[in-house]
Protein chains: 2
Amino acid sequence: MENRLVHHDKDRTFDRIFHPRSVAVIGVSAQGNGFGSGILDALSAIGFGGHLHGVNPKGGEYRGRTLHRSISDIQDTIDFAIIAVPAHQVPDTLADCLKRGVAGAEILSAGFSETDTSEGTALERQVKEIAGRGIRVVGPNCFGIYCPRSGLTLLPGPDLSRISGPVAFLSQSGGMSVDFAHIGNWMGVRFSKVISFGNGADLRETELLEYLGRDPETRVVAMYMEGVEDGSEFLQVLKDVASRKPVIVLKGGLSEAGSRMVASHTRVIWESALRQAGAVQVGDLWELAQTSLAFSLLPVREYRGISVAGGGGALGVSAGDLAERHGLVLPAFEKSLSEKILEVLPKPGSSAKNPVDAANPFVGPDAFRHVFSHAGTDPRIDVQVLIQLLHHYKAIAMSLGLDSLRQITPYVQLAQAMHDAREAAGKPVIMVMPDFKQGKESLDIEEMIRDARQVFLEKNIPVFSDLGDALCAIGHVSTYASRLRSRGLSQ
Amino acid sequence: MENRLVHHDKDRTFDRIFHPRSVAVIGVSAQGNGFGSGILDALSAIGFGGHLHGVNPKGGEYRGRTLHRSISDIQDTIDFAIIAVPAHQVPDTLADCLKRGVAGAEILSAGFSETDTSEGTALERQVKEIAGRGIRVVGPNCFGIYCPRSGLTLLPGPDLSRISGPVAFLSQSGGMSVDFAHIGNWMGVRFSKVISFGNGADLRETELLEYLGRDPETRVVAMYMEGVEDGSEFLQVLKDVASRKPVIVLKGGLSEAGSRMVASHTRVIWESALRQAGAVQVGDLWELAQTSLAFSLLPVREYRGISVAGGGGALGVSAGDLAERHGLVLPAFEKSLSEKILEVLPKPGSSAKNPVDAANPFVGPDAFRHVFSHAGTDPRIDVQVLIQLLHHYKAIAMSLGLDSLRQITPYVQLAQAMHDAREAAGKPVIMVMPDFKQGKESLDIEEMIRDARQVFLEKNIPVFSDLGDALCAIGHVSTYASRLRSRGLSQ
C-alpha cells in the first residue's frame with residue numbers, strides 16, 4: 001500500500017517530466033550556437049505543444065523569442081528543464097530549478113564523470129546531491145528524452161516521428177538513442193518514450209525500468225546498458241517487469257572488463273543472469289530494432305512452424321537452415337496440400353513443399369493469395385512469411401519503357417493478400433524485401449521498397465530486409481512466450 | 001606428371017567454356033519467350049565479344065538474328081552451348097552438341113531430378129551419360145555461367161559488371177548466384193567466374209573447386225552448397241585448395257536431414273569437417289559477400305588489434321564488444337597517444353582512448369587524418385576502422401538551403417585521408433557507413449552513401465554498412481591467415 005503511494009507520487013513526477021505543460025531550456029545562445037539553441041530549435045520543429053522558455057544569463061533574443069536571464073524570472077510553472085550550460089555552471093542551475101519547483105531536468109552538458117577527472121567527478125557528485133533534495137535528473141552527458149505524444153525530443157531530433165506507440169527505449173548511450181529513434185521512424189517501431197540517461201547521476205536503469213513496467217503507454221521495453229549501479233536490484237526489477245512485458249536487452253561494455261578472459265567470463269555471467277531474469281537478449285542495435293518491431297506487431301505467442309514463400313532468388317533455399325538456427329521449423333506440406341498450392345505456380349521450376357518456391361519473381365498477388373490461404377490451413381503453421389525480390393520488376397519496367405517501376409510492382413495487392421490471409425487464418429504474416437541491387441543506378445528500386453514498406457506497415461505487417469533477421473525476431477517473440485508459459489505453469 | 005597432363009587437357013576445355021570464341025543458344029523463341037531468348041538478350045546486352053548463334057528447330061528470326069534449325073547447321077566451331085529447350089528434348093540436343101565438338105554446355109532447362117519424378121530422374125541420367133562421352137555439362141536446372149572477362153552472363157544478368165576480379169563463386173542455387181552477382185556489383189566484389197551448377201549432373205562442387213584452385217584468375221573461392229556427391233573427396237580437395245587460397249563456404253540444406261535432432265547433428269559434423277579442411281565458414285549470403293570483399297581488398301594477415309574512430313553515434317560504444325565477438329581487440333591507447341589524438345577533437349564530449357569518439361558527426365577529414373596518422377603508429381594496431389554517420393550532414397545542408405547534401409559531405413577528402421594513412425602505416429583501413437535514416441524522405445542520403453561507397457572502393461578501401469559486419473569479415477581473414485601460419489609451422 002505504501003509502495004503504491006510512493007509509486008503514485010513518483011508517477012505524478014514522471015508525468016510532469018514526460019508530458020510537461022511548460023519547459024525551460026537553460027543555456028540558449030542568442031547566436032544559435034551549442035546544444036541549448038539546438039534543442040530549442042528541435043522542440044519548435046517537432047511541434048512541442050506546451051510553453052517553451054529560453055534562458056540565457058545575458059538575456060537577449062533568439063529567433064524572435066525573448067530569453068530570460070534566469071529561470072526565476074519566468075512567471076509560468078516549469079515542469080521540465082533542459083540544461084545546456086557549461087559543466088561548472090550546472091550545479092547552480094540545477095539548484096535554481098529545484099528552488100522553482102521544477103519536477104525534473106535533463107542535463108545535456110558533458111564534462112562530468114565521463115572525463116575521468118577529479119573536477120568532473122566532483123561536479124557529478126554535486127548534481128547527485130541536488131537531485132536527492134527533490135528534483136529528478138536525466139543525465140548529465142546525455143541526449144535527453146524523446147516522447148512523441150508530448151513532443152519532447154532528443155538532441156538532435158527535429159525530424160523524429162510524432163506517432164506514439166508501444167516501445168520504450170532506455171539507453172546509457174546518447175548516440176544509440178538517436179540512432180534507434182531514427183531507425184524506428186522508417187522501420188515502424190513506434191515509441192512511448194526514449195530516455196538517454198547518459199552518466200545516470202540520478203535516474204538510471206533500475207528505477208526507469210521499474211517505472212516503464214508500470215507505464216500504461218509502454219508495452220515493450222528495449223534497453224541498452226553498460227554499467228549497472230546495483231546488479232542484484234536491477235535483476236530483481238527486470239525479472240518482475242519481464243513477467244509482464246518483454247524487456248529486450250542489449251548489454252554493452254563487456255569488453256572493458258580488462259583482459260579478454262575476464263571479458264568473456266563477464267559475458268557468460270551476464271548472459272546467464274539476464275536469461276534467468278527473463279530478458280530477451282540481442283547482439284546489436286539492428287537486432288534490438290527488429291525485435292522491437294516484432295514485439296510491436298506480432299501477438300506474443302509460441303511460434304514454431306513457419307511457411308515461407310517466394311520466388312526467383314536464393315531465399316527459399318536456406319529458409320530451413322535459418323529457421324532451425326532460431327528454434328523454428330518449416331514443416332513439409334502434405335502431398336495434397338502441396339499439389340493444391342502448386343496449381344497456381346509456373347511449371348516446371350516451382351516447388352511447393354515449404355518453402356514454396358515460385359519459379360520466377362513475377363508470380364503475382366493472386367497466386368500468393370492462393371498460397372497463403374491454403375498454407376494457412378495447415379495446423380502446424382503458426383506464421384507465414386513472404387519474400388519478394390521486387391528489384392526484378394525493374395527489368396520489366398525498362399522493357400515496357402515505363403518511367404517508374406512503382407507502376408508495375410504489385411506491392412499494394414500483395415499487402416492486401418497478406419492482410420486477408422492473416423485475418424482468415426488468424427496467423428501473423430511477415431514481409432521480407434531484400435535489396436540486392438544497391439548500385440547508384442538502382443535508387444528507384446530503393447525508393448519503391450521504401451514505399452512498399454509503408455504500405456505493409458499500414459496493415460500492421462512487419463517488414464524485414466533479410467529472412468534471417470525476420471526469423472530471428474520471430475524466434476525472440478516465441479522464446480519469450482514460451483518462458484511466460486513455463487513460468488505460469490510452475491506458479 | 002600424368003596428373004598435370006590431365007589438368008592441362010581439362011583446363012583447355014574449361015578455357016573454351018569460360019572464354020568461348022563462339023556460343024550457340026539452343027531454344028531461342030522467335031517470339032522472345034522463355035529462357036533462350038532471355039539469355040541471348042542478356043549476352044547481347046552485356047556485350048559478349050565472341051560469335052553468338054541462335055538455334056530453333058523451326059528456324060525464323062529473333063531481333064534481326066537468323067535462327068539456325070540445328071547446331072549442325074552452324075558453320076562456325078562452337079566452344080560453348082547454352083541449352084534452353086524443354087527437358088525431354090535436352091538429351092538429343094546435348095548429343096548433337098557432343099557430335100559437333102562443343103567443349104561444354106550449360107543446361108538452363110528445369111524438369112530433371114529436382115522434380116522427384118521417375119521421368120525427370122531418367123532424363124538427368126541420360127544427360128550424365130552423354131556428358132561422360134566427352135562434353136562437360138553445367139546444370140541442368142541452373143542459371144549458368146557468369147564470366148565478366150569473356151562476357152558470359154547468368155539468366156537473368158544483362159546488367160552485371162564486366163569488371164573482372166579475384167573472386168570465384170560456385171553455387172548449387174541459381175538464385176543465390178544471381179543475388180551474389182548483383183550484390184558484388186555495388187559492394188565491390190569483382191568476379192573471375194560465377195558458376196551456378198544446379199543439379200550438377202556432370203560438373204559439380206569437387207571438380208569445379210579443384211579447377212578454381214588452379215585457376216590463375218581466381219584468388220578467392222566462395223561457394224554455396226547443399227548436397228555433396230562424395231564427401232571425403234570433396235573435403236580432400238577443399239583442404240588442398242584452402243592451403244593456397246581462401247575458400248569461403250556457405251553450407252545449406254542442413255535442415256532437410258529429417259528431424260531437427262538429425263539436422264543439428266549433421267550441422268555439427270559438417271562444421272567440424274569444414275573447419276578441419278580449412279574452409280572459412282559463413283552463415284548467410286550477406287556474410288559470404290562481405291567476407292569475399294574483405295579477402296579481395298585486405299592482405300591475408302593476422303589482424304588482432306584494431307582502432308575504431310567515429311563520432312555522433314552509438315557505434316564506438318559497442319566496438320569493443322563487437323571486436324571481442326570476432327577474435328579482435330581494441331587496445332587502449334597510451335595516455336600520451338590519447339592526448340595527442342585528442343588535440344584536434346572538440347572538447348568536452350570527445351574521448352580518444354580507442355575507440356576514438358569525436359563529440360559530433362561533423363568532425364572533418366583533417367581531424368581524422370590526424371587521428372589515423374597517430375593511431376597508426378601504435379604497434380598493437382593492425383587495422384584502422386572509420387565509422388561515419390553521413391546522414392547527419394543532411395541537417396546542415398537543409399539549414400544552408402543547399403540542394404544536395406553531397407555538396408557538403410566530405411567523403412572524397414575522408415577517402416583521401418584514409419588512403420594516405422594506409423600508405424603511411426602499411427596497415428589496412430576500413431570504412432563503415434551505416435544508414436539509420438531510410439525513410440522515404442531520405443533517399444538523398446542513400447544516394448550520397450552509394451556515391452561515397454564508390455569513391456572509397458576506387459581507393460581499394462572496403463566499405464561496410466555495419467561495424468559488426470566489418471569486424472566479422474576482418475576476423476575471417478585473420479583466422480584464415482592464422483590457420484595458414486600454424487600449418488606452415490607444423491610442416
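The model is a predicted one, where local features need pLDDT of at least 70, side-chain atom pairs count only at pLDDT 80 or more, and totals for chains, interfaces and linings use all residues. Residues are numbered from 1 along each chain as its sequence is written, while chains are lettered from A and ligands numbered from 1 in the order in which they are written.

**Chain A overall**

Let's start with the big picture. Chain A contains 16 helices and 19 strands; helices (H or I, at least four residues) and strands (E, at least two) are DSSP runs, numbered from the N terminus. Its radius of gyration is 26 Å, close to the 23 Å that the globule rule gives for 491 residues, so chain A is as compact as a globular protein of that length. For that comparison, the radius is taken over C-alpha atoms, and the globule rule is 2.2 Å times the number of residues to the power 0.38. The C-alpha trace of chain A spans about 80 × 60 × 45 Å along its principal axes.

Of the 491 residues in chain A, 54% are buried. Buried here means that 20 or more other C-beta atoms lie within 10 Å of the residue's own; 12 or fewer makes a residue exposed, anything in between is partly exposed, and the C-beta atoms are placed from the backbone. Among contacts in chain A with a separation of 6 or more, 73% are between residues 24 or more positions apart. Two residues are in contact if their C-beta atoms, placed from the backbone, lie within 7 Å.

**Where the chains meet**

On the chain A side, 48 residues are in contact with 48 residues of chain B. Helices α5 (174-187), α8 (260-276), α9 (285-297), α10 (315-325) and α15 (443-458) of chain A each bring at least two residues to the side that touches chain B. The largest share, 7 residues, comes from α5(A). By class, this side of chain A has 18 nonpolar, 17 polar and 13 charged residues. In this scheme Ala, Val, Leu, Ile, Met, Phe, Trp, Tyr, Cys and Pro count as nonpolar, Asp, Glu, Lys and Arg as charged, and the others, Gly among them, as polar.

**Two helix pairs**

Here is how two helix pairs pack. Axes are lines fitted to C-alpha atoms, for helices over the stretch in contact, and angles run from 0 to 180 degrees between N-to-C directions.

| Helix pair | Angle | Axis separation |
|---|---|---|
| α5 (174-187) and α9 (285-297) of chain B | about 45° | 10 Å |
| α14 (411-425) and α15 of chain A | about 25° | 9 Å |

The angle makes α14(A) roughly parallel to α15(A), whereas α5(B) and α9(B) are oblique to each other. The cut-offs are under 35 degrees for roughly parallel, over 145 for roughly antiparallel, 65 to 115 for roughly perpendicular, and oblique for the rest.

α5(B) passes α9(B) in a right-handed crossing, and the crossing of α14(A) and α15(A) is right-handed too. A crossing is right-handed if the near helix is turned clockwise from the far one by less than a right angle, and left-handed if anticlockwise.

In the chain B pair, M176(B), D179(B), F180(B), I183(B), G184(B) and M187(B) of α5(B) meet L285(B), L288(B), A289(B) and L293(B) of α9(B). That contact has 8 nonpolar, 1 polar and 1 charged residues. Over in chain A, Y411(A), V412(A) and A415(A) of α14(A) meet A452(A), V455(A) and F456(A) of α15(A). This contact has 6 nonpolar residues, with no polar and no charged ones.

**Loops worth a look**

N354(A) sits in the loop between β15 and β16 of chain A. N354(A) has a positive phi of about 95° although it is not a glycine, and it counts as buried, with 26 C-beta neighbours inside 10 Å. A cis peptide bond, with omega about 5°, joins N354(A) to P355(A).

In chain B, N354(B) lies in the loop between β15 (351-352) and β16 (356-358), and its phi is also positive, near 95°. N354(B) is buried, with 26 other C-beta atoms within 10 Å. Elsewhere in chain B, the peptide bond from L155(B) to P156(B) is cis, with omega near -10°. P156(B) is in the loop between β8 (144-146) and β9 (164-171).

Finally, A110(B) lies in the loop between β6 (104-107) and α4 (118-131) of chain B. A110(B) counts as buried, with 25 C-beta neighbours inside 10 Å. Not counting residues up to four places away in sequence, A110(B) touches P348(A), G349(A), A87(B) and N141(B).
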